[in-house]
Amino acid sequence: MSKQMINHRGKQFSTLIDRVTPKLKRVFKTKNDLFILTSSGTGGMEAAVVNFLSSEDKVLAASIGAFGDRFADIAEKYGAEVRRIQKLWGTVVNPKELELELKLHPEIKAVLITHNETSTGVTNDLESCAAVVRKFDKLLIVDAVSSLSAIPVETDKWGLDVVVSGSQKGWMVPPGLAFISVSKKAWVAHAEAKMPRFYFDISKARTSLEKHQTSFTPNISALFALDVALDMILKEGTRSIFSRHKKIAKRLRKGVKQLGLEVFAKNGFESDTVTAIKIPSEIDARQLRQILEDEYDIVVAGGQAKLSGKVIRIGHLGLVTEDDIDDVLMSIKSILESIKSV
Ligand SMILES: Cc1ncc(COP(=O)(O)O)c(C=O)c1O
């Protein structure tokens, strides 16, 4: 990332984007078109809405947490008529319920779903949900920001039309890039879609990529990093990466129980990339996080929206080791002991 800047309209950049895009497709497990956007993951989500829908389109948003709600909010802001499946936080979307909704509401054009809900530490059964959406021939738009590259996502095999991810998660790259894949069916929807768009117009992105460029000035430093990170990912292989994440997540969950704490996700739905831990009401979650940061140099996230102050969240995706997990657990243990002894 400390490399000298290059001209994003020059030959060196063309070589870079032409090298990185096919590597990304290998991890997405897709032959679909794929674009790199300079934005955070939310920008990718917005691109996934505005490029394939028109205002007043009926959209089903299956939400299991704050990021699912955000997807629904974006679609609503752009005028879509959003029908929400709102599940109890900590649980998943039930494919049978999805099926019933699609049966009862044939006017629905697209389904928005979060693969891995980072706010609750829950992973949806995307493969089963995708099979239902395919059966009804609807467009499936997936937020895979905190899953792709760390837990299995089969874009082509599962028939995922639009898939979004973000550089700062399992990709091991700083924030600043979003990735979006677009199926043939999604291109057909794009041709009819009328929502307003400018920066995130994927027609423009496609024309630019044909010229081996991006539409606007890209985050070149993050692309340098992504190039290296993708080599690491492809060298290790996704099978090994997925089992590493599974193992680390299991180790953390076991440790959480040993601390006498509880994982927020309901049994069987736990994410292998992020764990939300319930914090008993007698403990100040904010203070716990602050001590972790100030005294142990460990940064964990707090709860979002209605989970604010009620959980802490530990990200364990990308370059995370078993030692890191043990370190976090030991640190939490000593803080809890010191709180109890006061
Ligand atoms: C599942 C999910 N979706 C979307 C986002 C939004 O991404 P960003 O914060 O990069 O805009 C995040 C970020 O944590 C996320 O975890």
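Visitor: Which helix gives the most residues to the shell around the ligand?
Guide: This is a predicted model. Two helices, α2 (41-50) and α3 (66-77), each supply at least two residues of that shell. The top contributor gives 3 residues, and that helix is α2.

Visitor: How many residues surround the ligand, and which are the closest?
Guide: The shell holds 14 residues. By class, 3 are nonpolar, 8 polar and 3 charged. The closest are Ser40, Thr42, Thr118, Asp143 and Lys169.

Visitor: How many Å separate an oxygen atom of the ligand from an N or O atom in the side chain of Thr118?
Guide: Start with two other side chains. A polar side-chain atom of Ser40 lies 2.5 Å from an oxygen atom of the ligand. For Thr42, an N or O atom of the side chain is also 2.5 Å from a ligand oxygen. For Thr118, the value is 2.4 Å.

Visitor: What percentage of the ligand's exposed area does the protein bury?
Guide: Taken alone, the ligand exposes 390 Å². Of that area, the protein buries 87%.

Visitor: Is α2 largely enclosed or largely open, and why?
Guide: Count its buried residues, meaning those under 20% relative accessible area. Among them are Gly41, Met45 and Val50. In total, 8 of the 10 residues of α2 are buried, so the helix is largely enclosed.

Visitor: Which elements do the buried residues of α2 pack against?
Guide: The buried set includes Gly43, Gly44, Ala47, Ala48 and Val49. One partner is a helix, α3.

Visitor: What distance does α8 reach from its first C-alpha to its last?
Guide: Helix α8 covers residues 220-236, which is 17 residues. At 1.5 Å a residue, 24 Å is expected. The model comes close to that, with 25 Å.

Visitor: Which elements do the buried residues of α8 pack against?
Guide: The buried residues of α8 include Ile220, Leu223, Phe224, Leu230 and Ile233. Asp227 is also on that list. Their packing partners are α1 (11-28), β1 (33-38), β9 (177-182) and α9 (238-258).

Visitor: Which residue just after α8 takes a positive phi?
Guide: Helix α8 runs over residues 220-236. Just after α8, the phi is about 90 degrees, and the residue is Gly237.

Visitor: Which residues does Thr238 touch, not counting residues up to four places away in sequence?
Guide: Thr238 sits in helix α9. Its relative accessible area is 16%, so Thr238 is buried. With those sequence neighbours left out, Thr238 touches Val27, Lys29 and Ile233.

Visitor: Is Phe264 buried or exposed?
Guide: Phe264 is found in the loop between β10 (262-263) and β11 (274-278). Leaving aside neighbours within four places in sequence, its contacts include Trp89, Thr120, Ile277 and Val311. Its relative accessible area is 13%, so Phe264 is buried.

Visitor: How far apart are the C-alpha atoms of Phe264 and Arg251?
Guide: Along the chain, the two residues are 13 residues apart.

Visitor: Which residues is Ala62 in contact with, leaving aside its neighbours within four places in sequence?
Guide: Ala62 lies in strand β2 (residues 58-63). At 2% relative accessibility, Ala62 counts as buried. Its contacts beyond those neighbours are Ile85, Val93, Leu112, Ile113 and Thr114.

Note on methods:
Residues are numbered from 1 along each chain as its sequence is written. This is a predicted model: local features need pLDDT of at least 70, side-chain atom pairs count only at pLDDT 80 or more; totals for chains, interfaces and linings use all residues. Side-chain values use heavy atoms; hydrogens and water are left out. Helices (H or I, at least four residues) and strands (E, at least two) are DSSP runs, numbered from the N terminus. The expected span of a helix is 1.5 Å times one less than its number of residues. Buried means under 20% relative accessible area, exposed over 50%, partly exposed in between (1.4 Å probe, protein chains only). Contact means heavy atoms within 4.5 Å. A residue is near a molecule or strand if one of its heavy atoms lies within 4 Å of it. A polar contact is a pair of N or O atoms within 3.5 Å; within protein, one must be able to donate a hydrogen and the other to accept it, and residues adjacent in sequence count only if both atoms are side-chain atoms. Accessible areas come from the Shrake-Rupley method with a 1.4 Å probe; for residues, only the protein chains shown count as cover. Ala, Val, Leu, Ile, Met, Phe, Trp, Tyr, Cys and Pro count as nonpolar, Asp, Glu, Lys and Arg as charged, and the others, Gly among them, as polar.
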